[in-house]
Amino acid sequence: LTGQQFGFSPFDAAPRRAAATADWKQWIADHADTAAWRLPLGPIHVHQQRVVVCTFNPFRVKEVALHGENLFDSKVADSACGAVRLPNGRRVLADWGSKSLIFLDAHGRREYALDLPGTPNGLDLLDNGNLLVPLFHEKSLVEITPAGETVWQVELEGRPTDARRLPGGSTLVALNSNDRIIEINRRGDVVWSIDDCRSPESARRLKNGNTLVAMRLGVKEYDPSGVEVWSLDELSSPYDAVLLDNGNILVGHAGGLREVDRRGQMVREFPVGTVRRIFYY
């Protein structure tokens, strides 16, 4: 209702929960009389606080609960560069080495695979149940059904490392070879861009309209006009970054997973190997 974030998370230890609660109560005491409500709220998605990660060195697929439990650790792909969890509990991997989508059961065991028309370097689960796959060497994006039918394809002017479908129907793409983040419409026309991103690996549009980018020089957040509003620079080779429900950022980098707050302070770390992709659910 207020749009405020105080770093509260139910999986935190009691002292951190207490500190976040105290900050929230203080905010109410100071601002309740003049606070503006953000209505209507709309649908609210509550995550289970779990992540599926694709790691390099070694090449593994792991699932971790953010309170610290390891749910599975599997070698089911040559070099997975993307992962999603389907509503039916299956996990899907985009495997660079075999140029395929690999379907796993809820325990991380391989069920079957679908061949792709190129080399995948990411994966996004769409609201219609289809899968959006950036094809790196082919400089294109494909949208395919879980049965393997291609229903949309567009060519790009660069090699994509990540692609995310946005609520309005456009697509956010990280072009690693062009040092560029672009937003394209269904025809492939560029309707928005950030042109100074050094070797971007992932890009995610946040609910506030900003764009969170993991790149060679760190993790940066840009406002809709392309102005940098937040950055984290001290991590080695960040490959992916997601916004958590508590307002913190979870970064996948050469040292594993690291959760940081908006001041850049580390909250927790998971030494799971070099994390290439994160799927948060």
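The model examined here is a predicted one.

**Exercise 1. Aromatic rings**

Task: Determine which residues are linked into a cluster by ring pairs, and classify the pair formed by W24 and W27.

Solution. 
- Step 1. Ring pairs join F6, W24 and W27 into a cluster. The structure holds six aromatic pairs.
- Step 2. For W24 and W27, the ring centres are 5.8 Å apart and the planes meet at 5°. Planes under 30 degrees apart count as stacked, so this pair is stacked.
- Step 3. The two residues belong to helix α1 (residues 14–31); because they are three residues apart there, about one helical turn separates them.
- Step 4. The cut-off for a buried residue is under 20% relative accessible area. W27, at 15%, is therefore buried, whereas W24, at 34%, counts as partly exposed.

**Exercise 2. Charges over rings**

Task: Identify the ring over which the charged end of R165 sits, and the residue that lies over the face of W230.

Solution. 
- Step 1. The charged end of R165 is placed over the ring of W152, at 5.1 Å from its centre.
- Step 2. Over the face of W230 lies R262, with a distance of 5.2 Å from the ring centre.

**Exercise 3. The nonpolar cores**

Task: State how many residues the largest nonpolar core has, and which strand gives the most to this core.

Solution. 
- Step 1. The largest nonpolar core has 27 residues, and V92, L93, L101, L123 and L131 are those with the most contacts inside it.
- Step 2. At least two residues of this core come from each of β1 (50–56), β4 (80–85), β5 (91–95), β6 (100–104), β9 (131–135) and β10 (140–144).
- Step 3. The strand that gives the most is β6, with four residues.
- Step 4. L123 illustrates these contacts: leaving aside residues up to four places away in sequence, L123 touches a set of residues including V92, L93, L101 and L131.
- Step 5. A second, separate core has 13 residues, among them V53, V242, L257 and V275.

**Exercise 4. Strand β14 and its partners**

Task: Describe how β14 pairs with β13 and with β15, and decide why β14 is called largely enclosed.

Solution. 
- Step 1. Strand β13 (residues 171–175) pairs with β14 over five bridges, in the antiparallel sense. The bridge partner of L172 in β14 is E183.
- Step 2. These two strands form a hairpin with four residues between them, and D179 in the turn has a positive phi of about 55°.
- Step 3. Four bridges connect β14 to β15 (residues 190–194), and the two run antiparallel. Here I182 stands opposite S193 in β15.
- Step 4. β14 and β15 also form a hairpin, with five residues between them; G188 in its turn has a positive phi of about 95°.
- Step 5. In β14 (residues 180–184), four of the five residues are buried, so the strand is largely enclosed by the rest of the structure.

Notes. Residues are numbered from 1 along each chain as its sequence is written. This is a predicted model: local features need pLDDT of at least 70, side-chain atom pairs count only at pLDDT 80 or more; totals for chains, interfaces and linings use all residues. Side-chain values use heavy atoms; hydrogens and water are left out. Rings of Phe, Tyr and Trp (its six-membered ring) pair if their centres lie within 6.5 Å; planes under 30 degrees apart count as stacked, over 60 as edge-to-face and the rest as tilted. Buried means under 20% relative accessible area, exposed over 50%, partly exposed in between (1.4 Å probe, protein chains only). A charge sits over a ring if NZ of Lys or CZ of Arg is within 6 Å of the ring centre and within 35 degrees of the ring normal. A nonpolar core is a set of buried Ala, Val, Leu, Ile, Met, Phe, Trp, Tyr and Cys residues joined through side-chain atoms within 4.5 Å. Contact means heavy atoms within 4.5 Å. Two strands pair if DSSP finds at least two bridges between them.
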